[in-house]
Amino acid sequence: MTATAGHRRIPDRLNSPLQRIAGRWETLLLGLALAIFVANSLVSPYFLDAWNLSDATFNFTEKAMIAFPMALLIVSGEIDLSVAAIIALASTAMGAAVQFGAGTTEIVLIGLVVGLLCGAFNGLLVTRLGLPSIVVTIGTLSLFRGIAYIVLGDKAYTGYPPAFAWFGQGYVWWVFSFELVLFALLALAYGVLLHGTNFGRAVYAIGNNPTAALFSGIRVARVKFILFLMTGLMSGVAAVCLTSRLGSTRPSIAVGWELEIVTMVVLGGVSILGGSGSIPGVVIAAFVMGLVTFGFGLLNVPGIVMSIFVGLMLIGVIALPRLWARLAARRRA
Amino acid sequence: MIRRFLRSREAILLGAIVLLILLISTRYEGFVAPSNLANVFNDTSPLIILALGQMVVILTRCIDLSVAANLALTGMVVAMLNTAAPGMPIPLIILLALALGAIMGAANGLLVWKLGIPPIVVTLGTLTIYRGIIFVISDGQWINAHEMSPAFKAFPRAVILGLPVLSWIAILVIAAFAVLISRTPLGRAFFAVGGNPHAAVYTGIDVGRTQFLAFVISGTLAGLTGYLWVARYAVAYVDIAGGFELDVIAACVIGGISIAGGAGSVGGAVLGALFLGVIKNALPVIDVSPFWQLAISGAAIIVAVAFNARSQRAKGRIILKRAEHAT
């Protein structure tokens, strides 16, 4: 770095489109996903089976639903660590509703509304009082899950109506589960929202420079509030799917998911410092994490050992390009 | 000077804790007995030690989410060593715990310093890695009380001058931090790096190295606490102190340590930890289900951070009234 600092290397032409695509984060990630896919199918004879693969998608669909709005939130320079706690609270509310004889429609509505309210609470604290979101959501993480513990203690809610099971266990067509279809639709919706609308542009602008965004007429507080609402709502959606899939509610439901979801987002190439990232990246990262979990599961590797791999992946994918750039700079010097 | 103390955040927090203790004593008189208060302090000692380590990390604009995993891994390693070699002297075990914790802290610090990876990403990653390693080395097994040597278990409980060793260690750490923060160049550097990194560079402070040292300090204390924790509760397994990192950060936030870096005090961190400790110990004696604890500490974090933000809001000149409102 020291030798090249004085005269920066100026390229005499732009990179070709192919080079640009090859150098993109999403391309690298897709390569990783394919490599894991091939490795899995070579190692385990059970991997390449439509129903097995369909089952594997349950490893990530619920988390990915939250990862989309979380990606927007992180691009805008905020974070929400309370998402898993919102799932717990929403699921508890749904379970309580069942005890009062609520039907499937009411249960789902209650789950979504609780998610929305939790998101609004986070959003108000961050945008109205101007508090740092990481601290606020660590606080609400304890608060929301704490309320679930107060209501449930060491008990569990069961007895969900049979029709409710469809959201987490039903299939729309052949091997395509409701969750997988919902995941695909949401990926599309959030992709369009972030990459194709004024709102998405505003999110990037806020993440890069909130002050400049404010002075260029973007209602920063409102955009951020909407992002927190979305994250809360999607946590409610995930709560419906997860509760329906498990058929029961415990206060410890989805514990630790916030870290996995943030990992998914960061792995997808979203900068934790805000300002950059893409939805396709997050989608591929979701598949990578799901495939790794599923592949190790087929090989009877315990879940916690997989977490070592996920942790290494999280640090590795960020560290390796930086190490690479450093080595390249040294060689040039 | 007294007036300045009374207006400080620490004084308000101290007042809140005293009020809390008095309130509890109206329900249960025994709570204010010195022996019980000493118990509460002893129970809170691990949190105090970790909160002080976390404080220096937060001061430098970083965050260490891996402290609880570091604690658990160190605890598991020393417990396994103890079962394999029961005769190993306790000072050696403590040294090993400190070294192991320091190494894990240094791993975090190096990734932040040399590769410039955001601390939250680094420690999120190492948190899962350290927990995973515990499972790999222990094969998911528990190490129970009867497998540990008596000397190993007795050390943190041994009573010296009326207080258990665990409490004395916490007091020593508090004293060491009071000196470190207010009387050493490194203590100054923590504030400088967090307050204004660019200015710190121009005054000759290596920002990355200072952050690295903060992580090493935090890791070392986590390692020490790992041994104390496992020895005190006489059990080691994968999930000990699960989620404790959030309690540690909560103690710092309640103690007025700014998550944006550069502001905080030793007294604040200690009082923040004690506040949580008093609540935790009070709930069972006043007949409130322990399930309330999580929600109460969550509410306390939110109130504390809102309160701190009010008191430290910058009083700049408002040029555009509407713009000020929009943020």
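**View 1. Chain A, with 53% of its 333 residues buried.** Buried here means under 20% relative accessible area with a 1.4 Å probe, protein chains only. This is a predicted model, where local features need pLDDT of at least 70, side-chain atom pairs count only at pLDDT 80 or more, and totals for chains, interfaces and linings use all residues. Residues are numbered from 1 along each chain as its sequence is written, chains are lettered from A in the order in which they are written, and side-chain values use heavy atoms, leaving out hydrogens and water. The C-alpha trace of chain A spans about 75 × 55 × 35 Å along its principal axes.

**View 2. The chain B side of the contact with chain A.** Chain B puts in 44 residues and chain A 46, counting heavy atoms within 4.5 Å as contact. About 3,700 Å² gets buried between the two chains, 86% of it from carbon and sulfur atoms; that's the accessible area (1.4 Å probe) lost when the parts are put together, summed over both. In chain B, the residues losing the most area to chain A are B:Leu115, B:Phe291 and B:Ile302, together 16% of what that side buries.

Key. Buried < 20%, exposed > 50% of the residue type's maximum accessible area, 1.4 Å probe, protein only.
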